[in-house]
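Here are some quick notes to read with the model open. Have a look at the structure first, then work through the points.

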Amino acid sequence: MKWTEGIDKLGLGLYFLLCIFAIANIYSVDQKLGEKQLIFFGISIFVGLVIFFSRSKFFENLSAIFYIGGVLLLIGLFPFGTEILGQKNWYKFGSITMQPVEFSKIGTALMLASYVSGAEFNLKNRKSLLTTLAIIAIPAVVVLMIPDVGSLLVFLAFFIALYREGLSGLLFGIGGLFAGVFLISLAINPLYVVIAIVLIYAVAIFLNYHRMSWDVISVAGITGSLILLCGLAFGTPYVLEKLPKHQRERIEVLYKGEKAFRDTSGYNLLYSKTAIGSGGMFGKGYREGSVTQGKFVPEQETDYIFCTVGEEWGFVGSAVLVLCYMVFIGRIYYLAEKQKSSFNRVFGYCFASILLMHFSINLGMVMGLFPTVGIPLPYFSYGGSSLLAFSIMTFIFFKLNYADKNSLV
């Protein structure tokens, strides 16, 4: 059997395609940054080759060390971190910067995969469930304290992997319900929201009265959830008011439109939409975008890189890029499901879910469907930490997949 058998050519091909197209777009925005990104890409390929020629069990055996190292790097930001753009989530070594939260995701994914694949793991067991939640919560709490809200949202991706391993879908429903009440309470009078919640509860109880169990635990659960939802509705405006001005405006932009904040938090979104819309069907051409070349969009080489694609490559180019991401993410999920090893499967689901979360939030942010939270587009946004971290996860998974395909077990 040839040594190349077991290498997923489609997945790796899409990885190279995304990275090369990204470098071209970053080069269009800023030639020097494009050249630096090319160097970062070269480093990522070198690290990827080291990963590919290492033992596949290496990552499973040392998952705890990777996890602890990632958490310690996050904690080290408080005394040693450098503040950039209002957030102290970077280490700076001369002209080189490093964002440890990107690497903490790798450690968390490996640790979660190692624990969940253990023989004694059972999500129906309280100890297993609490330990699993603690693995996610420890780095997430540190990220919240930085604070880095965007990266905190990405940690929710791990629950998708847990759902595949048997986590109740009810938790997703409850989370969606609370998020919905929060968002609705931002748009309309909380009193109306509370009235609607009470009416919905009353109708649901009336229709299911004879089928419900009216023991103390059930009554406490119904009453407690009703109180929490009503409290959330009334408390939402207060929470919004206590947020820093720029964070509050980023949320209000979704409801009032970017033109209401065109000189502050809506500026990025206004020109991002202008750039994407001006690209038309086929775009203005490479390095021909007036908004891109005029550098009207702040951070257009990082968080807002998609607007460059929209202006220069148009709807067709943007659609092709989105399709490439969808196929790539879907491919990771497909390969993860095919793994014989539960460690490989869980890590694959974690990796694909992190990609999905980054991709969805970044595109939603650029198009005004989600608040600006500083989430890079995987492989595409400028930055050595982001590209290297995603490349490491990519090569780890494809190495695990290669070992799985060549396994005799």
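Which residues does R345 touch, not counting residues up to four places away in sequence?

1. This is a predicted model, where local features need pLDDT of at least 70 and side-chain atom pairs count only at pLDDT 80 or more, while totals for chains, interfaces and linings use all residues. Residues are numbered from 1 along each chain as its sequence is written, and side-chain values use heavy atoms, with hydrogens and water left out.

2. Back to R345: the residues touched are R164, E165, A336 and Q339 (contact means heavy atoms within 4.5 Å). R345 sits in helix α17, residues 342-366. With a relative accessible area of 13%, R345 is buried (under 20% relative accessible area; exposed is over 50%, partly exposed in between, with a 1.4 Å probe and protein chains only).

3. Now for a helix pair. α16 (residues 305-338) packs against α18 (residues 384-405) at an angle of about 40 degrees, the axes being 11 Å apart. That makes α16 oblique to α18 (angles under 35 degrees are roughly parallel, over 145 roughly antiparallel, 65 to 115 roughly perpendicular, and the rest oblique). On the α16 side the contact uses F328, I332, L335, A336 and K338, and on the α18 side T394, F397, F398, N401 and D404. Those contact residues split into six nonpolar, two polar and two charged.

4. As for cysteines, C230 is buried at 13% relative accessible area, and C350 is buried at 0%.

Conventions. Axes are lines fitted to C-alpha atoms, for helices over the stretch in contact, and angles run from 0 to 180 degrees between N-to-C directions. Helices (H or I, at least four residues) and strands (E, at least two) are DSSP runs, numbered from the N terminus. Ala, Val, Leu, Ile, Met, Phe, Trp, Tyr, Cys and Pro count as nonpolar, Asp, Glu, Lys and Arg as charged, and the others, Gly among them, as polar.
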